[in-house]
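Hi,

Here is the structure I promised to pass on. My notes on the helix packing and the cores follow below it.

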Amino acid sequence: MYKDQPARACGIDFGTSNSTVGWWRPGEDSLIALEDGKITLPSVVFFNLEERRPVYGRRALEEYLEGYEGRLMRSLKSLLGSKLLKSETTVLGSAMPFKQLLGLFIGELKQRAEAVAGRAFEQVVLGRPVFFVDDDPEADREAADTLVAVAKAIGFDEVSFQYEPIAAAFDYERGIDREELVLIVDIGGGTSDFSLIRLSPERRDHAERQDDILATGGVHIGGTDFDKQLSLRGVMPLFGYGSRMKSDAFMPTHYHLNLATWHTINTLYAQKTQLALKSMRYDIVDASGIDRLFRLIEQRAGHWLAMQVEQSKIDLTEADRLNLSLARIEEGLEVELTRDLFEAAIESLLGRVRDSVGDLLNKAGLTAAQVDTVFFTGGSSGVPALRRIIAELLPNARHLEGNTFGSIGSGLAIEAKKRYG
Ligand SMILES: Nc1ncnc2c1ncn2[C@@H]1O[C@H](COP(=O)(O)OP(=O)(O)OP(=O)(O)O)[C@@H](O)[C@H]1O
Ligand SMILES: [Mg+2]
């Protein structure tokens with residue numbers, strides 16, 4: 001397999017939150033440095049209104065936080081398989097189909113990788129979640145087809161897929177010295193993906209691995225869902241979520257649901273929404289929350305708040321509690337967030353992740369005791385409650401951590417070398 005030659009093709013892990021590009025080379029790490037020497041490019045595009053150009057990754061987040069006017073687009077991958085995909089968004093004053101937006105970002109990945117590699121890539125193995133869309137095979141196929149169309153439109157001639165949790169398995173397999181039955185648990189920003197796979201040093205070189213893959217599965221739950229639940233439970237009540245109306249009914253919930261979801265924050269800024277909220281204000285018993293909401297809207301601070309909530313979630317992986325300062329919105333305002341509150345907020349999501357792993361074992365006809373190793377990867381696999389529920393399911397297996405952000409890209413690089421030479 002020309003093992004002494006660098007691969008002709010690359011692998012792209014286009015993630016909901018972070019992306020990587022892997023390129024297999026003999027004796028070297030596969031992951032290409034995409035930004036400031038780092039192997040990840042955050043999956044973010046910022047359209048800077050003043051300079052009328054898109055910027056990507058960390059630079060995009062910086063420009064946004066520095067207060068440049070413009071639009072910050074995140075979680076682009078979750079548009080695949082959503083109804084929004086067929087629509088357009090307004091960028092720099094003109095309409096841009098979401099597909100084109102995906103092409104801009106993935107094209108940027110290709111260009112950066114090619115600049116570092118000093119060569120063009122014509123073939124690519126794209127990572128994909130086991131399901132782009134839960135329980136809807138047709139929408140799922142459409143999402144995959146869209147991704148292929150986007151990859152071709154930006155100049156790849158040949159495009160193929162590998163499941164993200166299989167790619168992660170190949171990365172782990174590089175370092176093992178005996179046969180193991182492994183459960184791969186990849187919990188990212190948008191999806192939780194699993195594979196049960198037989199790995200060994202001998203199998204590593206087999207071109208065909210279908211027989212080693214005992215089952216794959218997944219569910220559309222990831223870090224962005226955790227952010228939303230933490231926001232609704234811990235932060236949104238300060239902004240009127242759950243307020244009582246004089247009629248004793250609760251205030252309608254969709255405003256706060258939209259505010260806690262990255263893609264829909266902008267709906268709060270629409271004139272129509274503000275008028276509706278203003279007329280509702282007089283029917284609310286305690287208007288202090290909704291008044292804060294008005295301040296947040298006035299300051300266009302919705303995306304800022306969402307970023308604070310995400311950072312708090314990450315900090316709660318290490319800390320039991322923290323104070324989130326909201327002084328930007330109201331002098332002296334802060335809220336205490338605890339890990340207990342976070343875990344309570346995501347309890348039902350965790351239950352669905354656990355059920356999905358349980359189904360996977362059943363599908364493979366395996367008992368928990370037969371699994372030797374659980375290999376965790378993906379940023380959200382750091383959440384302690386997630387580790388705990390998986391440990392409860394598989395108490396006898398070894399639990400290992402991969403390269404949190406790099407395993408999939410490395411595995412895709414191996415796959416690209418195998419498929420395209
Ligand atoms: N220490 C941490 N504790 C909890 N969550 C974390 C931590 N570090 C990162 N995250 C979360 O991990 C997610 C990003 O992980 P990752 O980069 O693996 O996702 P992705 O590959 O882009 O998404 P996907 O594979 O679902 O498309 C984000 O939601 C981020 O908030
Ligand atoms: Mg991922």
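**What turned up**

Helix H7 (residues 271-281) and helix H8 (residues 288-298) have axes that come within 11 Å and cross at roughly 160°. Axes here are lines fitted to C-alpha atoms, for helices over the stretch in contact, with angles running from 0 to 180 degrees between N-to-C directions. H7 and H8 are therefore roughly antiparallel to each other (over 145 degrees; 65 to 115 counts as roughly perpendicular). On the H7 side the contact (heavy atoms within 4.5 Å) is made by Gln274, Leu277, Lys278 and Arg281, and on the H8 side by Ile290, Asp291, Leu293, Phe294 and Ile297. Sorted by class, that makes five nonpolar, one polar and three charged residues.

Before the rest, some housekeeping. This is a predicted model, in which local features need pLDDT of at least 70 and side-chain atom pairs count only at pLDDT 80 or more, while totals for chains, interfaces and linings use all residues. Residues are numbered from 1 along each chain as its sequence is written, chains are lettered from A and ligands numbered from 1 in the order in which they are written, and side-chain values use heavy atoms, with hydrogens and water left out. Helices (H or I, at least four residues) and strands (E, at least two) are DSSP runs, numbered from the N terminus.

The other helix pair is H4 (residues 164-173) with H13 (residues 407-420), whose axes come within 7 Å and cross at roughly 85°. H4 and H13 are therefore roughly perpendicular to each other. Among the residues that meet there are Ala167 and Phe170 from H4, and Ile408, Leu412 and Ile414 from H13.

Now the cores, meaning sets of buried Ala, Val, Leu, Ile, Met, Phe, Trp, Tyr and Cys residues joined through side-chain atoms within 4.5 Å; buried is under 20% relative accessible area (1.4 Å probe, protein chains only). The largest has 73 residues, and Leu183, Phe239, Leu277 and Leu326 touch the most other members. Helix H11 (residues 347-364) supplies the largest share of this core, six residues. Another core, of 63 residues, lies apart from it and includes Phe14, Leu92, Ala113 and Tyr420.

Lastly, helix H1 (residues 57-65) has Gly57, Arg58, Ala60, Glu63 and Tyr64 buried. Those buried residues pack against strands S3 (41-42), S4 (45-48), S5 (53-56) and S6 (70-73), and against helix H9 (302-315). After H1 comes Gly67, with a positive phi near 95°.

Best wishes

Note on methods. Buried < 20%, exposed > 50% of the residue type's maximum accessible area, 1.4 Å probe, protein only. Parallel < 35°, antiparallel > 145°, perpendicular 65-115°, else oblique. Nonpolar A, V, L, I, M, F, W, Y, C, P; charged D, E, K, R; others polar.
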